[in-house]
Amino acid sequence: MSMSDSDSSSSSYGAEYKSLKQVSRDRLLHEMLRSAKTGDSKSTWKVLIMDKLTVKIMSHSCKMADITDEGVSLVEDIYKRRQPLPTLDAIYFIQPTRENIIMFLSDMSGRKPLYRKAFVFFSSPIARELVMEIKKDAQVLPRIGALREMNLEYFTIDSQGFITNNERALVELFGDEENNRKAVACLNVMATRIATLFASLREFPFVRFRAAKSLDATTMTTFHDLIPTKLAAGVWDCLMKYKKTIPNFPQTETCELLIIDRTIDQIAPVIHEWTYDAMCRDLLNMEGNKYVHEVPSKTGGPPERKEVLLDDHDPIWLELRHAHIADASERLHEKMTNFISKNKAAQIQHGSRGSGEMSTRDLQKMVQALPQYSEQIDKLSLHVEIAGKINRIIRESGLRELGQLEQDLVFGDAGMKDVIKFFTTNEDTTRENKLRLLMILASIYPEKFEAEKGLNLMKVAKLTDEDAIAINNLRMLGGEPDTKTTSTSSFALKFDMHKVKKKRAARKDRSGEEDTWQLSRFYPIIEELIEKVSKNELSKLDYPCLNDPSPTFHGTTYAVPVTHNPPAHSMRSRRTPTWARPRGSDDGYSSDSVLKHASSDFKKMGQRIFIFIVGGATRSELRICHKLTGKLKREVILGSSSIDDPAQYITKLKMLTAQELSLDDLQI
């Protein structure tokens, strides 16, 4: 019986580079499922038994067909009553909890165990006392084919992103509750899960974190302010154990990890992000990656509802997801036009309609009518429909004007008067959009929300007391909350004054910055942090390192080549907006750029950079990691406790002072 992680090394820069998602998939399919085929295993088919968390881990990395190909005929929930299959072997992929161990022992003990043999894989390290509990069961022990720690307890959300599935992290860590028990438990789970990522990738990072900020020596540091510090310490402890217990785990640093939290940027979660991916999740009612649409019935009846997944298996989605919505729409139109021009039947049909230029919707209908209509065109048609729906919502909701005001506020080109003018001239703006605009204003100018000023703003915007909770709770991400004022009818935004000054500092132009699409000036603060990590320019005072880097680290072959770009400023810099950006420019936003970066030879890149955000990440922050991978020639991987669209973030923010409510109770 092996109690260690697999002996096979998954080192990123070995003979063959594999992405985070590929490594996770290969470990689950080959290291776990396939390994159960060896030894004295006689049964061809096996049963896979998982708990609620591990089934999600598996579904984020593998398809059902992948699992079946590895000899799994049945997938079961460990907590549901199961039919005895004494001729089959079982693979258990479970968390190492006492409840799971009790269920496993119950399955395999007695004269008639449920399965012939059990191959047990734990998602994270198991406590020694639980191992002893298994070993002392004389009936079960001979029936165990493997007992291993997989150390894989995270969800891959794409090739360069993962989450630890701590959906309540923002509430449990930044909430009003005086009892820190839940917060400490949350950080412990998060640290364990982050560490399993490095175990999977065989990476040992330099661990940096945002230091606690105190105004002076007399100010006591709060638990909220110490969150990145505590999490970094937890991850470090896990990594030290891995260095001793996991074969082939690096003994010297191979990458960099920066741990920050949601307080670093309160605007990114609520500002409108204009890329195709972000717009889909912000404006359409998607569940995760699932999009539901109607397709014409093949039998001539009413339209049929069809579910599709927008993920890495869809090449068009992969190409366009980080493109500006205007760029994505143009490219989809070009793809449709190109198809028509290459198809003779389509040309004849096109000619019969006259020589006038056709709309993308006309082209879509024409292509769907062709006998050559294939799965490829089905995908293209789907994205034309989605982009059309998004553009319609943008038009009907007046989002372009709102988006311009949001950007102008962030860059200091608009102020209070402009916001009030917008509210009085755009009364039909949705409640959510008005709330998001006020949250941006409050993040930049908290003093505008003191006492009566905040109430008056809420009245002008015609927002409710419940909406006021979200704005008032921003104080809890901006500094020490004023616990005396928690009423929904008044405001007491008290932010760290150093932070306020920094936010409102004049933003200088980035000389030589390429033109971008209009409404693309905004970028998350993590962009500049990652650039500084890459250039070794991160302040050691503000972002200390738990392991002292050796002097040769940035002088090795992994060092980042010197670029001619100016060093990043501390705040968001201006970018020149043009709705029709020159097509030839490569800023990481265009789909051509994404494809080019995706096909880069990662083996020639420098060491990986990991950035982890406690309290939820945004789509814009995930996009930035993809963009900077190409720019810095180092793969950048984003991790977070969860990934939230604006509505989810606002709901969680409201819960900071409503601990008795659940996520489902509060809706914006």
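Begin in the loop that joins α8 (227-245) to β9 (255-261), and select Asn-248, which sits there. This is a predicted model, and in it Asn-248 has a positive phi of about 65° although this residue is not a glycine.

Now move to another loop, the one between β5 (144-149) and β6 (155-158), where Asn-151 is placed. Its phi is near 55°, again a positive value in a residue other than glycine. Is Asn-151 buried or exposed? With a relative accessible area of 1%, Asn-151 is buried, since the cut-off for that term is under 20%.

For the next stop, select helix α4 (residues 98-108) together with helix α5 (residues 128-135), whose axes come within 11 Å and cross at roughly 10°. That angle makes α4 roughly parallel to α5, because angles under 35 degrees are counted in that way. If you show the side chains, you will find Arg-98, Ile-101, Phe-104 and Leu-105 on α4 meeting Glu-129, Leu-130, Glu-133 and Ile-134 on α5. Sorted by class, the residues of this contact are five nonpolar, no polar and three charged.

A second pair of helices can be set beside this one: select α15 (residues 399-410) and α16 (residues 416-425), whose axes come within 10 Å and cross at roughly 165°. The two helices are therefore roughly antiparallel to each other, and α15 passes α16 in a left-handed crossing. Which residues of α15 meet α16? They are Glu-401, Leu-402, Leu-405 and Leu-409, and their partners in α16 are Asp-418, Val-419 and Phe-422. In this contact of α15 with α16 there are five nonpolar residues, no polar ones and two charged ones.

Definitions and conventions
Residues numbered from 1 in each chain as written. Predicted model: local features only at pLDDT ≥ 70, side-chain atom pairs only at ≥ 80, totals over all residues. Heavy atoms only, no water. Axes fitted to C-alpha atoms, helices over the stretch in contact; angles between N-to-C directions. Helix = DSSP H or I, 4+ residues; strand = E, 2+ residues; numbered from the N terminus. Parallel < 35°, antiparallel > 145°, perpendicular 65-115°, else oblique. Left-handed = near helix turned anticlockwise from the far one by under 90°. Contact = heavy atoms within 4.5 Å. Nonpolar A, V, L, I, M, F, W, Y, C, P; charged D, E, K, R; others polar. Buried < 20%, exposed > 50% of the residue type's maximum accessible area, 1.4 Å probe, protein only.
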